[in-house]
Amino acid sequence: MCQSYRKSCLCGENTAEIFFGRNILDEKAVARIYCPLCSGGMEKQDKNRVWDNGWVLELDPDVLQAQALTMEIAPPELSAERVFDEGFVTWVGITPNDSQQRDRERQEIQNLARTDLRAYLKAMKDWGLSREKRFTEEGWRKMKRSS
Ligand SMILES: [Zn+2]
């Protein structure tokens, strides 16, 4: 069973890939996605929204409310941020489009393996480290939590 779900943002320029931890929520919980191009000027203080580097995940409060007890979150503490941080509705990767980008970058490095194995192994290692560094510098929500 595939738990990942792709949804276009409001302006249609970008797509986020979403993961539903522990199979409690599904795509009905996702109201809207905004990418950095279409999130400008939006209200930041909204408990149905999670902000992550200009991206916004807006969840459906009724769906969250209905599953609050299953998620073991007391209804007064229920918020999109809490649901995201606990992994019930979150990005598949570190960023909304990480998994697509990761596949593309990995493919480029794998082309090296055919011609130069040592360069390939080094490139894979460097790539893993630079990805983490880049995500930390960019300040993605998941990187802040794990540090
Ligand atoms: Zn957009």
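The structure is a predicted model, in which local features need pLDDT of at least 70 and side-chain atom pairs count only at pLDDT 80 or more, while totals for chains, interfaces and linings use all residues. Residues are numbered from 1 along each chain as its sequence is written, and side-chain values use heavy atoms, with hydrogens and water left out.

The chain contains five helices and six strands; helices (H or I, at least four residues) and strands (E, at least two) are DSSP runs numbered from the N terminus. In order from the N terminus, the elements are β-β-β-β-β-α-α-β-α-α-α. The C-alpha trace of the chain spans about 55 × 35 × 30 Å along its principal axes. Of the 147 residues of the chain, 37% count as buried. Here buried means under 20% relative accessible area and exposed over 50%, with partly exposed in between (1.4 Å probe, protein chains only).

A zinc ion is coordinated by the SG atoms of Cys9, Cys11, Cys35 and Cys38, at 2.3 to 2.4 Å. Donors are N, O and S atoms within 2.8 Å of the metal (3.2 Å for Na, K and Ca); water is not among the atoms, so sites may look incomplete. Along the chain, the donors of the zinc ion follow the spacing C-x1-C-x23-C-x2-C. The site is tetrahedral, with angles of 105 to 114 degrees among its four donor atoms; four donors count as tetrahedral if all angles lie between 85 and 135 degrees. Cys9 is buried, at a relative accessible area of 4%, whereas Cys11 is partly exposed at 38%.

Three strands form an open sheet in the order 3-5-4, with antiparallel pairing; two strands pair if DSSP finds at least two bridges between them. Strand 3 (30-34) and strand 4 (49-52) are the edge strands, each of which pairs on one side only. On average, neighbouring strands of this sheet are turned by 15 degrees against each other, direction ignored. Strand 4 and strand 5 (residues 55-59) run antiparallel and are joined by four bridges. Arg49 stands opposite Glu58 in strand 5.

Most residues other than glycine have a negative phi. Asn53, in the loop between strand 4 and strand 5, has a positive phi of about 55 degrees and is partly exposed, with a relative accessible area of 36%. Asn23 lies in the loop between strand 2 (15-19) and strand 3. The phi of Asn23 is also positive, near 55 degrees, and this residue is partly exposed at 44% relative accessible area.

Helix 3 (residues 98-113) has 16 residues and reaches 23 Å from its first C-alpha to its last, close to the 22 Å expected at 1.5 Å a residue. The expected span is 1.5 Å times one less than the number of residues. Asp98, Ser99, Glu105 and Ile109 are the buried residues of helix 3. These residues lie on the same side of helix 3, because they cover an arc of only 130 degrees around the axis; the arc is that of the directions from the helix axis to the C-beta atoms. The exposed residues Arg104 and Glu108 are carried by the face of helix 3 turned away from its buried side.

Conventions: Axes fitted to C-alpha atoms, helices over the stretch in contact; angles between N-to-C directions. Tetrahedral: all angles 85-135°; square planar, octahedral: opposite > 155°, others 65-115°.
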